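Please keep the sequence and the structure in view while reading.

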Amino acid sequence: METDQLAQEDRSAYAGVLRYYELAKRAEWQVRDLPWSERPPIPEYKGSPQKLARRRDLWRSVIMQQLQADILAVKMASQLLNAAPDPEARLYYSTMVQDEARHTEAWLKLAEAAGGEAERDPHLDKLASMFLDLDTLEEKVFLMQVFFERLIIPRFRMIAAASPGTVLEDLCNRLTVDDGIHHSAGMAYERVLLRDATKNEHQQLVKVANQMLPIFVDHSLWRPQARASIAGLMRTRDIQMLHEDLEQGVRLAGSLGIDVSDLEMPSFA
C-alpha cells in the first residue's frame, strides 16, 4: 500500500495496534541485561547430592517447558508478520518476532546454566502443530495472542514468585511485561480483523478454540518425571488457576463480539 494512499485513508481503527508497537519498542531489553553474574540461575538449596540433583532437575524441567513455548512463539510471530496485510500490524509484529527470538535466546542460555535441556512437553508439541497449521490470520491471532499468551502470563508470575533472587525470576518478570503487550496488541488487532467478519467466520474461531482448549488443559496439568513427586501437591492449585484462566479467556472472546455460547469448556478434576 502506497504512503499517500495510507495518508488518505481513515486508519484510526489501527491506533491501538500502533500504541502497542510504540510500547513494545520502549519495553525492549537485551539478554545481556539479565543479572547473569549477580544472581544464581535457579534457586539454590542445601542438602545431600541426591536432593540437590532432584531440585536442579525440577527447575530444568520448568525452564524446558518455557523454552518449548517460546520456540513455538518465534514461529507463530514470524507467521503473523508474514500474514498481516496491514502496515500497522506488520510494524507491531516486527517487534514481536524480535521479542520471541530474544526470549528463546534467554531460555537457551538459562537452560545451559541450569545443567542442560530436559524432558519435552508432548502437549506443547501438539499445540505448536495446531497453531502453525491454522488457516487464517484471524484464527492465528485469536488462539495465539488472545488465548494462549493471556493464559501463560500467570505461569510466569508463579515461577517468578517461586524463584526469588535468581536469573529465572528476573526473566519471568520481563516476560510477564512482554507477553502482556503481545496479548493486548492481539486483542486490538483482532477487533479490527473481526469488524466485517461473517457469522461463519465467528463460528470457525469457536471451533478452533474448542479444538485447542483440551490440549491446553493437558499442557497445563502435565508434569515431567522430574516434577512427578510434587505433581499431586500442586494439582489443586493448578486446577483452580486453570478454571480462572479459562473463564477469563471466555470473557475476552465475548468482548470481541464472538458468540461464546458454543464454546466447550473442557472437563477436568
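Y92, Y93 and Y189 are linked into a cluster by ring pairs, where rings of Phe, Tyr and Trp (its six-membered ring) pair if their centres lie within 6.5 Å, and planes under 30 degrees apart count as stacked, over 60 as edge-to-face and the rest as tilted. The model is predicted, so that local features need pLDDT of at least 70 and side-chain atom pairs count only at pLDDT 80 or more, while totals for chains, interfaces and linings use all residues. Residues are numbered from 1 along each chain as its sequence is written, and side-chain values use heavy atoms, with hydrogens and water left out.

A search of the whole structure finds 5 aromatic pairs, and two of them are set out here.

| Pair | Geometry | Centre to centre | Angle between planes |
|---|---|---|---|
| Y92 and Y93 | edge-to-face | 5.4 Å | 70° |
| F148 and F216 | edge-to-face | 6.0 Å | 90° |

F148 belongs to helix 6 (residues 137-162) and F216 to helix 8 (residues 199-221), so the pair ties together parts that are 68 residues apart in sequence; helices here are DSSP runs (H or I, at least four residues), numbered from the N terminus. F148 is buried at a relative accessible area of 3%, and F216 is buried at 0%, where buried means under 20% relative accessible area, exposed over 50% and partly exposed in between (1.4 Å probe, protein chains only). Y92 is buried with a value of 1%, and Y93 is buried with a value of 1%.

Charged groups also meet rings: the charged end of R19 sits over the ring of Y20, 4.9 Å from its centre, and R102 lies over the face of W29, 4.9 Å from the ring centre. A charge sits over a ring if NZ of Lys or CZ of Arg is within 6 Å of the ring centre and within 35 degrees of the ring normal.

Conventions. Helices (H or I, at least four residues) and strands (E, at least two) are DSSP runs, numbered from the N terminus.
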